Amino acid sequence: MTENKIRGTLQSYLRWPLLLGILLIVMNVQIYFISLKAGGIMTAYVLVYLAVAIILYFFKRGALLHDLVNYAMRFHASIDSVADEMDIPVAILGPDKNCLWQNKQFHEIFSPHLKKNYPIQQAIPYLTDQTFPETTQENGEMHFRVEDTYYKAILQRIDVDQTPEDVQESVGQIGIGDTIFALFIYDETEIVYALRDNYDQRLDIGMLYIDNYEETVGTVDDVRRSLLTALIDRKINKYMMQSDAVIRKLEKDKYIFMVQHKYLTKMQEDKFSILDEVRSINAGEDSSVTISIGIGTQMDTFAKKQEYARSAIDLALARGGDQVVVKSKDKIQYYGGKSVQQEKSTRVKARVKAHALRESIESADRIVLMGHSLPDVDAIGSAIGVYTIARALDKPAKIVVNQVTTSLAPLLELFNNSKDYPDDLFVKSEAALEFIGDGKGVLLIVVDVNRPSYTDAPELISKVSSIVVIDHHRQSDQFFENPTLSYVEPFASSACEMVAEILQYVGEEIPLKALEADALYSGIMVDTNNFMNKPGVRTFEAVAFLRRNGADILRIRKMFRSDMEEFRIRAEAIQNTEVYMGCFAIAPCNAQNCESPTVVGAKVADELLDINGIKASFVLTIYNNRVYISARSIDELNVQIIMEKLGGGGHMASAGAQLPGKTMQEAVDTIKQLLTKMKEEGDI
């Protein structure tokens with residue numbers, strides 16, 4: 001067909017001299033009318049022209065066609081040779097993904113031992129059906145690696161019915177079908193290594209703070225103080241030198257450093273061993289030095305990385321210190337945080353926060369208080385404590401309580417039955433929205449929670465003018481944006497303890513009634529499990545303040561007595577407890593008949609710690625199609641780290657999480673898998 005096409009094109013060109021001869025004859029006739037002599041001369045030339053044209057058309061056509069066909073064949077052979085000798089591996093695939101043709105490079109690299117018409121997956125197993133393009137307008141692309149060489153594969157789809165007729169005829173003769181694929185392989189090893197080197201050599205910015213510098217250094221004499229400071233500096237600088245980092249001391253307890261990203265990866269792999277090295281320094285009097293590190297990474301500018309580093313160090317300190325927070329634009333990673341947060345003896349911060357809280361309340365027109373969803377006694381007790389400040393400053397205030405549990409009902413009944421408090425002191429979120437109105441001049445005070453999504457009425461957050469947060473849980477990567485005041489102290493035993501301290505510094509004219517003291521005392525007692533879980537010196541000082549203001553322990557004890565059904569459920573949960581890995585107690589608790597199953601689960605978790613050999617307890621209860629996990633430990637395990645991996649949080653010794661859409665058995669299996677993985681990785 002190629003030869004016929006060339007012959008037809010050539011004939012069209014050879015006819016043109018004959019057609020022009022007709023034009024010359026017409027011209028010759030017209031000249032005869034002008035001059036016979038001129039017409040005769042032109043006739044001679046026209047006859048010669050026509051003779052040459054006829055000779056070319058009938059006698060030289062075959063020779064010219066033969067030469068053109070020979071040239072075309074030689075050109076086609078040259079193209080085949082070039083394609084076969086190309087440095088880029090190339091292959092032609094049929095619709096069944098079999099290799100129809102391949103050049104030498106493709107054969108030598110990918111199919112040296114394969115016979116003809118083999119499935120392409122035998123040469124390149126990484127190619128899947130999803131890689132092949134569906135239309136001719138798109139290309140399939142895939143990256144794969146063979147030993148130390150990186151390749152990029154490009155697949156182009158060719159529909160035969162859109163190709164020239166001679167190609168269609170050839171394809172039809174060999175019975176390929178309607179579709180073929182062209183496969184091109186490019187070696188991108190140098191590009192991959194260049195990108196990797198560029199990624200590894202990027203500089204990340206970090207900030208390192210000594211958590212308890214004043215408390216630790218201030219307790220030693222002058223001679224040991226210099227030695228202790230030098231030892232801390234030496235360990236920090238030695239660790240940074242191992243990672244080729246540049247570190248500078250900003251203040252006596254603050255450092256800033258820059259490190260290549262490849263060394264940051266190594267630091268993450270060894271779980272930032274600098275935390276353990278510094279903690280091992282003997283500072284005397286049973287105290288140890290701890291540090292916190294915040295690192296900003298994966299940002300385009302150094303200014304943004306420094307901003308992320310500062311945000312990360314603030315988050316590390318808010319979570320209690322002795323840990324590393326690595327913040328990028330995609331996620332936040334936590335390392336360390338295994339030690340118990342040391343209680344600060346100074347109350348300067350509490351005094352400053354108390355004055356700031358008073359100023360916030362005085363500048364507001366209306367006050368709304370709320371805790372976390374399914375509020376407990378600590379949340380409501382601390383809210384009542386802040387309410388006393390608003391009442392003393394003549395500011396109308398409401399406390400949001402959407403659901404009253406059996407553990408909370410006795411406390412609310414005391415206030416509802418008292419003439420000293422308005423009937424609408426406790427309201428649901430709908431009534432709170434009406435109270436807020438347009439939100440101007442409204443201050444929202446959130447207690448016992450620092451996650452917006454965990455609050456009792458998240459829809460109120462965007463409606464108010466300003467927000468204050470008072471909480472004792474460790475800060476997570478979810479937080480309130482631009483609060484007027486944020487007072488988060490992870491070392492505090494409860495939010496009620498923090499509010500009790502605030503009441504002592506907010507002003508002498510703030511009176512505290514006995515019923516309000518009972519509420520605050522109850523919150524401390526519940527969150528510390530009757531002063532067995534993380535009470536500190538400041539905890540008992542707060543309790544002493546509440547006792548002086550009329551808190552009655554007998555009245556509180558009667559208020560929190562349990563009924564027989566709850567005791568039965570707790571006993572059944574303890575009986576069904578499984579001891580996993582020899583030290584972890586996992587207990588499903590069927591408390592659906594109780595109004596507050598999560599509280600029952602928390603009580604069971606506390607009781608399981610009394611068993612010898614148990615390092616941590618995990619009690620699971622189902623409520624509102626969610627599995628609630630109550631995790632407890634004494635001092636051998638940080639359950640907060642475990643719960644954070646499940647989307648929860650809390651304290652080192654007391655934490656929790658929620659697993660929506662899971663059955664009880666699925667939740668138990670999830671905890672077991674997580675404990676096994678963390679054990680293998682050395683996190684527990």
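**Exercise 1. Describe how helix 17 and helix 18 pack, giving the angle and the distance between their axes.**

Solution. Start with the numbers: helix 17 (residues 495–505) packs on helix 18 at an angle of about 140 degrees, and their axes are 8 Å apart. Helices here are DSSP runs of H or I with at least four residues, numbered from the N terminus, while strands are runs of E with at least two. Axes are lines fitted to C-alpha atoms, for helices over the stretch in contact, and angles run from 0 to 180 degrees between N-to-C directions.

Next, name the arrangement. Angles under 35 degrees count as roughly parallel, over 145 as roughly antiparallel, 65 to 115 as roughly perpendicular and the rest as oblique. Helix 17 and helix 18 are therefore oblique to each other.

Now look at the residues in contact (heavy atoms within 4.5 Å). From helix 17, C496, E497, V499 and L503 meet A519, L520, G523 and I524 of helix 18. By class, this contact has six nonpolar residues, one polar and one charged.

A word on the model: it is predicted, so local features need pLDDT of at least 70 and side-chain atom pairs count only at pLDDT 80 or more, whereas totals for chains, interfaces and linings use all residues. Residues are numbered from 1 along each chain as its sequence is written, and side-chain values use heavy atoms, with hydrogens and water left out.

**Exercise 2. Work out how helix 18 is oriented towards helix 19.**

Solution. First, the geometry: the axes of helix 18 (residues 514–527) and helix 19 (residues 537–548) come within 9 Å and cross at roughly 155 degrees.

Then find the contact. A517, L520, Y521 and I524 in helix 18 touch T539, A542, V543, L546 and R547 in helix 19. Seven of these residues are nonpolar, one is polar and one is charged.

**Exercise 3. Which residues touch the most other members of the largest nonpolar core?**

Solution. A nonpolar core is a set of buried Ala, Val, Leu, Ile, Met, Phe, Trp, Tyr and Cys residues joined through side-chain atoms within 4.5 Å; buried means under 20% relative accessible area (1.4 Å probe, protein chains only). Among the 59 residues of the largest core, I361, I399, I445, I470 and L546 touch the most other members. Helix 14 (residues 377–392) gives the largest share, eight residues.

To finish, zoom out: 48% of the 684 residues in the protein chain count as buried.

Definitions and conventions: Buried means under 20% relative accessible area, exposed over 50%, partly exposed in between (1.4 Å probe, protein chains only). Ala, Val, Leu, Ile, Met, Phe, Trp, Tyr, Cys and Pro count as nonpolar, Asp, Glu, Lys and Arg as charged, and the others, Gly among them, as polar.
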